[in-house]
Amino acid sequence: YLGGRRKITSAADPLVSPVNADSELVRLFPPILMHVGSNEITTPDVKEMAGVCERAGRSAEVEFYHAPHIFQVGPGFPESTRDSLKRIDAFLQMYWR
């Protein structure tokens, strides 16, 4: 997705990886909600992004679930899925009115 052999951009580009954005840019981000499994491979990235937002004064809501990556789209975690989708709905209702 970065251009393959053509190297259109790099993973350090804040438009590719917002965790690399400076505070000035982070303050312009829209409201942020992140749901992640507490032990999945992206959990450290979510924690890092939440820290970037916090240091820039931009709030970010983070919810950790005892579930795997993208648990909302698969079977096996109905309680976590219902809770996550309910929180997503409330978040969107708060900002998209």
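**Close-up views of salt bridges and pockets**

**View 1. Asp83 and Arg87 in helix α3 of the predicted model.** Because Asp83 and Arg87 stand four residues apart in helix α3, about one helical turn separates them; helices here are DSSP runs of H or I with at least four residues, strands are runs of E with at least two, and both are numbered from the N terminus. Their side chains meet in a salt bridge with an N to O distance of 2.7 Å, the term denoting a side-chain nitrogen of Lys or Arg within 4 Å of a carboxyl oxygen of Asp or Glu. Asp83 has a relative accessibility of 22% and counts as partly exposed, a class that lies between buried (under 20% relative accessible area) and exposed (over 50%), with a 1.4 Å probe and protein chains only. In this predicted model, local features need pLDDT of at least 70 and side-chain atom pairs count only at pLDDT 80 or more, whereas totals for chains, interfaces and linings use all residues. Residues are numbered from 1 along each chain as its sequence is written, and side-chain values use heavy atoms, with hydrogens and water left out.

**View 2. The salt bridge between Glu63 and Arg87.** The closest N and O atoms of this pair are 3.1 Å apart. The pair links distant parts of the chain, with Glu63 in strand β2 (residues 60–65) and Arg87 in helix α3 (residues 78–95), 24 residues apart. Both residues are partly exposed, Glu63 at 23% relative accessibility and Arg87 with a relative accessible area of 35%. The count of salt bridges comes to two.

**View 3. The largest pocket.** A pocket is an open set of points, on a 1 Å grid over the protein atoms alone, where a 1.4 Å probe fits, with protein on both sides within 12 Å along at least five of seven lines; its lining residues have an atom within 4 Å of a point. The volume, the space filled by probe spheres set on grid points joined across faces, edges and corners, is about 220 Å³. Of the 13 lining residues, His35, Val36, Thr42, Val46 and His69 lie nearest the centre. Strand β1 (32–37) and helix α2 (43–55) each supply at least two lining residues, and the largest share, four residues, comes from β1.

**View 4. The second largest pocket.** This pocket holds about 160 Å³ of space, and its lining includes Ser17, Pro18, Phe29 and Met49. Helix α2 gives the most to this lining, with three residues.
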